[in-house]
Amino acid sequence: MEKYYVVGAQQKNGVYKDWEQYQKGVILKVSPGHNLIEKCIEYISPPEVIPQKSPSISFTAATIENNHLYVGTQTEILVYTLPNFQKVGYLSLPCFNDIHHVSPTSEGNLFVVNTGLDMVLEITPIGKILNEWHVFGENIWRKFSRTIDYRKVATTKPHQSHPNFVFQIGKDIWATRCLQEDAICLTEPKKQIQIGGEKVHDGIVFGDSIYFTQVNGQVVRVDIHTLRVKQVFNLNNYTNTNKNLGWCRGINVLDEHKVIVGFSRIRPSKKFKEDGTIIMEGEYGSLPTRIACYDLKHGKLLWEQQLEEYNLNAIYSIHKA
């Protein structure tokens, strides 16, 4: 059976604010057929690029290309060689806040989803900004300031859009927008993929389809030519449990019918009512953090691999090793 890199973070204990929740980035190599798990790397960001008080540190959605892994933290981009995980690239810019995805371009530059500023950047490996796209097509700097070091800002929430993934269809550059439950074309703004239903992540191009995840446990397959939803697969119906599957994010497409999906046990958030009463929000804390392989054609769960005992509590992306 194949081995997989699973990219994510270790969660802190007793912390409920989502911008403070994680204490380190974690990448595991997982061999589900043999129940073997190897810790590849743990990472803590240096103090000069994170907020002074209660920073959240995690690895976010990565990309593997030419035996290099490109991955972000909230405020950094790191490049590792594979399979030895030697760090060969590093970049951190003052405008970085809540980085969600990094992907190399064919020209050797980097696409960076800078979620905290609702934008996608194209930058050179040494940090020169070539393009800035606000995912609503607005002037980014009307709301934000070029003089602020956003690496030191704990959160810029509420986000207007919360983009989380960048992908390409031909020469067109696309971004997935979590809160609008869609994907929009940055280079041809009139183009849009309407998904709807729940918060959307990912955007994996495979053959003639694009695969998205939704946090409620659904996989959405979109036709790459028509940009319309072809199928919605509700993984809850394929899993023998009456509990919430977990926060569904991260997908690896094995073939037209088989996918591996990540589920994270996200602890509920604390919310204070006007009378001071504390209530807990969120329903993603039932089952352990894990990856799971599904046969979408036959509606079957093929296998699961739990990961919490290896200090991986949140999953952002899954890759063939």
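The following legends describe close-up views of a predicted model.

**Figure 1. Overall architecture of the chain.** The predicted chain contains one helix and 26 strands. Its radius of gyration is 19 Å, close to the 20 Å that the globule rule gives for 321 residues, so the chain is as compact as a globular protein of that length. Along the principal axes, the C-alpha atoms fill a box of roughly 55 × 50 × 45 Å. Of the 321 residues in the chain, 56% are buried.

Figure 2. One cavity of 30 Å³ or more is found when the whole structure is searched. The largest cavity holds about 50 Å³ of space. Its lining is formed by Ala61, His100, Asn164, Phe165, His201, Asp202, Arg249 and Tyr316. Strands β12 (163-169) and β16 (200-206) each contribute at least two residues to this lining. By residue class, the lining of the largest cavity comprises three nonpolar, three polar and two charged residues.

**Figure 3. Arginine side chains placed over aromatic rings.** Arg249 lies over the face of Tyr316, at 4.0 Å from the ring centre. Both Arg249 and Tyr316 also belong to the lining of the largest cavity. Elsewhere in the view set, Arg177 lies over the face of Phe136, at 5.0 Å from the ring centre.

**Figure 4. The second largest pocket.** At least two lining residues come from each of β4, β8 (99-104), β12, β16, β20 (247-253) and β26 (314-320). Strand β16 gives the most to the lining of this pocket, with five residues. The lining of the second largest pocket divides into 12 nonpolar, eight polar and three charged residues.

**Figure 5. The stacked pair Tyr43 and Phe59****.** The count of aromatic pairs in the model comes to 11. One of them, formed by Tyr43 and Phe59, is stacked, with 5.7 Å centre to centre and 20° between the planes. Tyr43 lies in strand β3 (residues 36-43) and Phe59 in the loop between β3 and β4 (63-65), so the pair ties together parts that are 16 residues apart in sequence. Tyr43 and Phe59 are both buried. Ring pairs also link Tyr43 and Phe59 into a cluster with Tyr5, Tyr80 and Phe85.

**Figure 6. The edge-to-face pair Phe144 and Tyr150****.** A pair of aromatic rings is described by the distance of the centres and the angle of the planes. For Phe144 and Tyr150, the centres are 5.7 Å apart and the angle between the planes is 85°, which is an edge-to-face arrangement. Phe144 and Tyr150 are both buried.

Figure 7. Gln194 lies 10 residues from Ile184 along the chain, and the C-alpha atoms of Ile184 and Gln194 are separated by 8.7 Å.

Key: Residues numbered from 1 in each chain as written. Predicted model: local features only at pLDDT ≥ 70, side-chain atom pairs only at ≥ 80, totals over all residues. Heavy atoms only, no water. 1 Å grid on protein atoms, 1.4 Å probe; cavity = no way out; pocket = protein on both sides within 12 Å on 5 of 7 lines; lining within 4 Å. Points joined across faces, edges and corners; volume = space filled by probe spheres on them. Helix = DSSP H or I, 4+ residues; strand = E, 2+ residues; numbered from the N terminus. Nonpolar A, V, L, I, M, F, W, Y, C, P; charged D, E, K, R; others polar. Phe/Tyr/Trp six-rings, centres within 6.5 Å; stacked < 30°, edge-to-face > 60°. Buried < 20%, exposed > 50% of the residue type's maximum accessible area, 1.4 Å probe, protein only. Lys NZ or Arg CZ within 6 Å of the ring centre and 35° of its normal. Rg over C-alpha atoms; globule rule 2.2 N^0.38 Å.
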